[in-house]
Amino acid sequence: MNAALYVVIVAMLFQQAMSYMAAQVLPNVAPQVGQALLLNAELVLYHTTLFYAISGLFQASVGGLIIRWGAIRASQISLLGLGLGLALSMIGTLWAFALAALLMGAANSFSTPASSHLLARRSPTKYAPLIFSIKQTGVPVGGQFAVLASWLLVDATQPETWTRAFLATSIICLVLMVVIHPMRQSFDDDRNPGYPVRWSDAVRNITNAAKTPALRDLSLGMFAFVGCQGLFNSIFATYAQQELGYPKDTALEILIIVNGVAAVARIFWGWIGSTFTSARLVLVILAFVMAIATAALGLAKGWDVWLVGFISFVFGASALSWHGLLLSEVARLSPPGQVGPVTGGVLFFGALGMLSFPFLAKMLRDFGISYETIFISASIPATLVGLKLLLPVITRCWSPKA
């Protein structure tokens, strides 16, 4: 691996971190926002749904724009939209949060396809699962930034201080947008200003992901895995404080542990998938582990805090740690030069999971359904995907030798 690849990995890691950080600021301070604005904290689930609905629609269609503009320029546009959306949220009205969710969802749509496009060009095939996993540590790193901003800048006794977290994270996004600008000349050298861009490409990319058997399996995994992740990140801070009875600092400490272990686990699983076995088999194992951990979280009421922390640790090592493996598989199956569009098509199903799981959770809560039922129900799709991904492995093992 050469120096240019290291530069790309670091830049895309932080680009990915900012994208996830922007999405997680509101969920982490939802109780304080609710107190300050006299709103139900669980309304954050609607914000998450809107954010990822827009992101999913755009992800399936931005591949052509990334080819036309270049991955670095697309990343800059993403960071600009995220920074402005976070600043807009500080107005503190429902319409401002809704408009910010739309803006940030559209901006977020460039993040993963752009980074995959850039890394696929420069990553040795053998080490792609590891390299993509290192880049994807940006997600837990971004989660840590969001948690730390909420912990250090927001005072639980002064709910109105919630705006500090939004201001700080907005500035971080805008600063990174400027920092990566010098990279454009060297790393956007493959951009094609004349590449045709049609919004109908979204339908083609989604259809391709759904109809191609190998991509369909990965798309189902993206839906189920992102759904578990989205549910946890959207409601855990509120669940821990309002249902489990933990103080704000304890809930955020658990989130710090979860994001910390996820960052390490992503690299570990990527190394395993590049060195000892296939990325697909590692995904199978992670699917079953995350299903068990998700269901266990729903049963946690009345349990000792250390046990809840351990379950959250296992959740972070599975449900927040599979991304690099799956995205490297998508890149491997993509035609040359089409990693961005193909990745966007698969990511659409991830966005469906991210928006549907929190939205359904909000609906169920409105009807008085318990968190226990919600978490256990969320574990079922991951279990089914694990079985679906395992079936070809079993078939190969039991097939008669030629």
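Student: What volume does the largest pocket have?
Tutor: It's about 320 Å³, counted as the space filled by probe spheres set on grid points that are joined across faces, edges and corners. This is a predicted model, where local features need pLDDT of at least 70 and side-chain atom pairs need 80 or more, while totals for chains, interfaces and linings use all residues. Numbering runs from 1 along each chain as its sequence is written, and side-chain values use heavy atoms, with hydrogens and water left out.

Student: What counts as a pocket or a cavity?
Tutor: On a 1 Å grid over the protein atoms alone, a cavity is a set of points where a 1.4 Å probe fits but can't get out; a pocket is an open set with protein on both sides within 12 Å along at least five of seven lines, and lining residues have an atom within 4 Å of a point.

Student: OK, which residues lie nearest the centre of the largest pocket?
Tutor: Thr125, Ala128, Ser328, Glu329 and Arg332, out of 20 lining residues. Helix α16 gives the most, with four residues (helices are DSSP runs of H or I, at least four residues, numbered from the N terminus).

Student: How does that lining divide by class?
Tutor: Into 10 nonpolar, five polar and five charged. Here Ala, Val, Leu, Ile, Met, Phe, Trp, Tyr, Cys and Pro are nonpolar, Asp, Glu, Lys and Arg are charged, and the others, Gly among them, are polar.

Student: Switching topic, how many cavities of 30 Å³ or more are there?
Tutor: Three. The largest has a volume of about 320 Å³, and of its 22 lining residues, Gln16, Tyr52, Gln59, Thr112 and Leu347 are the closest to its centre. That lining has 11 nonpolar, 11 polar and no charged residues.

Student: And how much space lies in the second largest cavity?
Tutor: About 60 Å³. Helix α12 supplies the largest share of its lining, four residues, and Tyr20, Phe232 and Asn259 are among the residues lining that cavity.

Student: Last one: at what angle do α6 and α17 cross?
Tutor: Roughly 140 degrees, with the axes of α6 (residues 111-122) and α17 (residues 339-366) coming within 8 Å. So α6 is oblique to α17.

Student: Which residues meet there?
Tutor: Thr112, Pro113, Ser116, His117 and Ala120 in α6 meet Val339, Gly340, Thr343, Gly344 and Leu347 in α17, with contact meaning heavy atoms within 4.5 Å.

Student: What does oblique leave out?
Tutor: Under 35 degrees is roughly parallel, over 145 roughly antiparallel and 65 to 115 roughly perpendicular; the rest is oblique. Axes are lines fitted to C-alpha atoms, for helices over the stretch in contact, and angles run from 0 to 180 degrees between N-to-C directions.

Note on methods: Helix = DSSP H or I, 4+ residues; strand = E, 2+ residues; numbered from the N terminus.
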